[in-house]
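Reader: I have a model open. Please show me how to read a few of its features.

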Amino acid sequence: MSNSQPLDLRLPTPGCYADPERAGIDADAVFDGMTEHLFFTLGKLATTASLHDLYMALSYAVRDRLMTRYLASQEAIRARPQKTVAYLSAEFLIGPQLNNNLLNLGIRKEAEEALKRFGIDSLSQILAVEEEPGLGNGGLGRLAACYMESLATLQVPAIGYGIRYEFGIFNQLIRDGWQVEVTDKWLKGGWPWELPQPDEACLVGFGGSTENYRDDQGNYRSRWIASEHAIGVPHDVPVLGYKVNSCNRLRLWRADATESFDFYAFNIGDYYGAVEEKVASETLSKVLYPNDGTDEGRRLRLKQQHFFVSCSLQDMLRSLEKRNIPIKDFSNHWTVQLNDTHPAIAVAELMRLLIDNYHLQWDIAWQITNRSVAYTNHTLLPEALEKWDLTLFKSLLPRHLELIYEINQRFLQQVRLRYPGNDLILRKLSIIDEEGGKSIRMAHLATIGAHNVNGVAALHSDLIKRQLMPEFAELWPEKFTNVTNGVTPRRWVALANPELSLLLDNEIGSNWVTNMELLHNLEKKENDSSFLHLFGETKLSGKKKLANYIHQQSGIIVDPYSLFDVQVKRIHQYKRQHLNALQVITQYLRIKNGTAQGIAPRTVIFGGKAAPGYFMAKLIIRFINGIAEMVNADPDMDGRLRVIFLADYNVKLGEQVYPASDLSEQISTAGKEASGTGNMKFAMNGALTIGTLDGANIEIRERVGEENFFLFGKTETEIMQLQQTGYNPRKYIEALPELSEAIRLVELGHFSNGDNELFRPLIDSLTGKDPFFVMADFADYLRVQDNVSRAWQNREEWNRMSLLNTARSGFFSSDRSIKEYCDSIWKVKPLPVEITCDVH
């Protein structure tokens, strides 16, 4: 990526970051800013301020110091127009913001000094108060957050577009071993990081009908007469890069009603009717991922997707108009990245806006759309590739359906010319799925409308071409590319692991934070016993912190000197938490049977949420907690085995878990995980991986060295062969007595207080169809776990392997991923912002 010349942006003194009244960055200025906000913004005196008050005051003071960079970055793109990245995502799991902004501003020490004047000994006391924004769920949202941070750090102009959910997916409690979902009221205490912009609201339509007419020039046109409307109000969240002036923004849309209160309905006693429109409209931004198990849930989910996509595209078009840039130049100024299929309606909506609102001809509108839109696929699971029932879609978006029919007709005509007489390939490629009830394939719409389709790991991208979309890949081989995921080292190492960060700073200098390839310099220390000891001490420090957290939350004492064996991720059968759980039962039985010689003392840690309607995933959580209850209460396990389930796993908790992990469990069925990003965070923090050849595990193993990776399990090709030849899981159970004994113990109710029916659905699944080949991989998994135990006995050798994982993890920085997107897909360049202010 080539660098542009920095923009010399001269601002008046009041908006200057050098102005000590609002933007000074020494401890005195931060203290003064906190005092001012306590008094004038919060209406509190320092003597009576709570920890939450101090958190809010510090956050507002930090936000003040973002504002010049934030406004200067917007002014820069106006002064020197160039292409901007529009990143459309249904989730942005951005995590707590205060510590991240302190790091990127370079004022963590100054903030700590300011807090001491308020009687606060540690910044961590204030950070603990911050609620985690409920704007995402899993890896998809966390990836989007990492990418937004890297875009700002690389000084690439970008806006992330999403929904300002009032409630997150849910807070997870564990009661009697079961997951219980509790409303995530993350906004209840106020959120100081957002800037509402009601003057930039957008109007979005739903339902109704379409009509044809002729315009003043006699051209035949269509218009959409919507029967229902909602207003999208943008809330901007500044996204600052690391120690640069570039500050992008996350623009999140809140839904409002066009008319909030019906006085007539109220006056005749219809009190609910008086606010019915307000309630219906605001539901659009109430909750992340409504349950789509009902017709109303599916309807709401489609409305949510259209709502935020329409607002975002209207916003982009409006920005061109404000700058007097012709609409036909849209693709020169915006690159629209669809983060999975949720925003795929963007293809039809952009066409509608260009044709119906701006009266462009079809071919011109299609050229603009195709040149602007790119699509990232994140899954190989068919159920995750969204399809919408045709009747539902027509009732909500009748004009879009007309446009999709036209897009499909023109596309299929191209296919007929390429494959004359081949009706089978027409059915496979059509946007409209004719099987059963007719439906719209959103992944097909995105693939046809986009100029680039990428997967998120080398294997995943290959499987998209070979298995998921082979006909599309044959038609347009140049359209399909790979960009392996990455994670930001600022949050996941510099913030999460201060002890390791300090060691790295002292050894290789501080520039590793933005140039992770410098970590390779650590390899020369692989045989330095004293350095390996220091490296191991940073890990031990993280483990002691996590052990304290576990004790505070559960009362269970875990040994920080034991092997911390960790699997934290969304609970799903293909991620195979139940494979790990069965292995734990086997280790438990070995200890009970006196055959546990050479087994490393372990603390096995699980964490993750199950979708509320996913029964089997919730049963797996109950299974893990049943095992934990039995193991942790058994005196024979003391000093040898502990099992922990971390409730309500999120970004904040992840910042404690990754630095504390010795072993990273990446054990999904080969060919099912698109990439994974947790695997990268573990490796950066020096955890060794036990994993299959799935997702980005393959590339991690190639980078860190196969001798520093514990590989097991069948390959994607071997799994396919098993499926084709007839898979019988009982054959594998009968061949391994330890597995048979573990399953028998579950069937007897040993881990369910004698209830031999509780886990029956899980056992029936594993011994029947076993859709994710847990039984087929168990023996090899157990064998490699024994290798892990042997490796743990030689702690210096383990630390050497751990060091090499960190040293060779630089490729997995999200900075590298974003550079690849910029160079090969988006064709965008950095726009450094140099702020020059005259201080009087």
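Author: Start with exposure. Buried means under 20% relative accessible area, exposed means over 50%, and partly exposed lies in between (1.4 Å probe, protein chains only). This is a predicted model: local features need pLDDT of at least 70, side-chain atom pairs count only at pLDDT 80 or more, and totals for chains, interfaces and linings use all residues. Residues are numbered from 1 along each chain as its sequence is written, and side-chain values use heavy atoms, without hydrogens and water.

Reader: Where does Phe-39 fall on that scale?

Author: Phe-39 is partly exposed, because its relative accessible area is 48%. Phe-39 is found in helix α1, residues 27-41. Helices (H or I, at least four residues) and strands (E, at least two) are DSSP runs, numbered from the N terminus.

Reader: How are β4 and β5 paired?

Author: Two strands pair if DSSP finds at least two bridges between them. Strands β4 (residues 171-175) and β5 (residues 178-182) pair in the antiparallel sense over 5 bridges. Asn-171 stands opposite Val-182 in β5. The two strands, β4 and β5, form a hairpin with 2 residues between them. In the turn, Asp-176 has a positive phi of about 55 degrees.

Reader: In what order do the strands of the open sheet run?

Author: The order is β14-β16-β15, 3 strands with antiparallel pairing. β14 (387-389) and β15 (432-433) each have a single partner strand, so one side of each is left without a neighbour in the sheet.

Reader: What joins β14 to β16?

Author: 3 bridges join β14 to β16 (residues 439-441), and the two run antiparallel. Asp-389 stands opposite Ser-439 in β16.
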